[in-house]
Amino acid sequence: MRFTSLWPRVEDLAAAPLDAVLREWAGLGYYARARNLHACAQAVVRDHGGVFPDTAAGLQTLPGVGAYTSAAIAAICFDERIAVLDGNLDRVLARYYALPVPVRNAKDALRGALQIAVPARAGDFAQAMMDLGATICAPRTAYCLVCPIQPGCLATREGAPERYPIKPEKAEKPVRRGHAFVMTDASGDVYLQSRPGKGLLGGMTEVPTSIWAEDAGEPIYPATGEWRHRGQVVHVFTHFRLELEIWSAIVLPEALDGGWWSEPAALKGEALPTLFRKVLAQAGLG
DNA sequence: CACGCGTGGCT
DNA sequence: TAGCCAAGCGT
């Protein structure tokens with residue numbers, strides 16, 4: 001609610017500095033969403049006179065608004081007769097058709113099948129189907145006895161609906177290793193810097209680190225000081241596991257540029273992702 | 001178009 | 001504890 005209080009109208013969000021938006025988003029993850037939300041507000045103001053498009057096709061041109069979101073808004077807000085396919089519906093339909101392949105290999109077929117079934121009041125239909133998936137055709141348990149579409153369901157007929165959806169093979173997570181350097185000046189302020197705008201944790205705040213690689217290598221300290229090893233932080237991302245050796249030292253500020261010094265009390269207001277909050281905590285800050 | 005994205009809840 | 005999982009968008 002802080003978020004909507006700060007920027008109650010789309011014009012307000014569009015006019016906000018991106019780094020302020022990222023600060024409010026810090027800790028929530030998927031930081032591309034915050035950047036897209038901001039870009040979306042700007043697109044609505046710049047290209048649509050501050051009014052959102054009222055069709056799925058129009059909505060889908062906005063940053064961060066894809067097939068699901070555009071269809072959901074169009075059906076629910078504008079009564080467009082369009083199929084809304086979310087993760088719940090993927091599961092419901094995979095069971096209904098006893099889909100023999102992972103959902104991602106049959107997405108278009110599922111959407112086509114659902115589109116044919118969409119009645120008038122498409123928004124109510126969409127919400128009812130998503131609720132069916134969330135409560136009756138649930139991930140771990142399918143309560144087929146109370147399911148309104150059970151009579152046509154092929155997975156139920158087979159006798160084991162929970163076998164679906166078939167999961168794709170999962171690749172194993174590589175490990176990356178590196179060093180993180182927590183520097184304070186004589187007054188106890190901490191050195192922070194910005195990550196590049198795109199990619200992993202894009203635009204967020206960090207402390208300096210080495211390259212993350214299979215082999216951490218020896219630490220190359222970014223400034224002169226009495227460096228102390230403060231243990232290790234492990235963080236698991238979607239596709240790799242990161243193991244950082246934590247180092248801290250009191251250094252001379254003159255040796256550094258490009259970043260800024262933050263009082264420890266101000267750290268909670270910085271756009272620090274959870275990884276770097278763990279790093280600072282491990283170094284005895286925050 | 002298969003993969004990358006971050007975090008928290010659950011087991 | 002550590003591992004598994006989630007929902008959807010962009011590239």
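Mentor: A phosphate oxygen of DNA strand B has a backbone N or O atom of Thr-274 at 2.7 Å. This is listed as a polar contact (a pair of N or O atoms within 3.5 Å; within protein, one must be able to donate a hydrogen and the other to accept it, and residues adjacent in sequence count only if both atoms are side-chain atoms). The model is predicted, so local features need pLDDT of at least 70 and side-chain atom pairs count only at pLDDT 80 or more, while totals for chains, interfaces and linings use all residues; side-chain values use heavy atoms, without hydrogens and water. Residues are numbered from 1 along each chain as its sequence is written, and chains are lettered from A and ligands numbered from 1 in the order in which they are written.

An N or O atom in the side chain of His-235 is 3.0 Å from a phosphate oxygen, and a backbone N or O atom of Gly-27 is 3.3 Å from a sugar or linking oxygen. Strand S4 (228–236) and helix H11 (274–282) are the elements that give two or more residues to this surface; helices (H or I, at least four residues) and strands (E, at least two) are DSSP runs numbered from the N terminus.

Around DNA strand B there are 16 residues, of which Tyr-30, Leu-201, Thr-238, His-239 and Thr-274 come nearest. A residue is near a strand if one of its heavy atoms lies within 4 Å of it. Sugar and phosphate make up 57% of the atoms of DNA strand B that come within 4 Å of the protein. By class, the surface has 9 nonpolar, 6 polar and 1 charged residues. Here Ala, Val, Leu, Ile, Met, Phe, Trp, Tyr, Cys and Pro count as nonpolar, Asp, Glu, Lys and Arg as charged, and the others, Gly among them, as polar.

DNA strand C has 14 residues around it, with Tyr-30, Arg-33, Gly-64, Thr-69 and Gly-87 coming nearest. Helices H4 (31–48) and H6 (67–78) each supply at least two residues, and H6 gives the largest share, 3 residues. The classes are 5 nonpolar, 5 polar and 4 charged.

H4 also packs on another helix. Its axis and that of H3 (residues 18–25) come within 10 Å and cross at roughly 140 degrees; axes are lines fitted to C-alpha atoms, for helices over the stretch in contact, with angles from 0 to 180 degrees between N-to-C directions. H3 and H4 are therefore oblique to each other, as angles under 35 degrees count as roughly parallel, over 145 as roughly antiparallel, 65 to 115 as roughly perpendicular and the rest as oblique. Leu-18, Val-21, Leu-22 and Trp-25 of H3 meet Tyr-31, Arg-33, Ala-34, Arg-35, Leu-37 and His-38 of H4, where contact means heavy atoms within 4.5 Å. These residues divide into 7 nonpolar, 1 polar and 2 charged.
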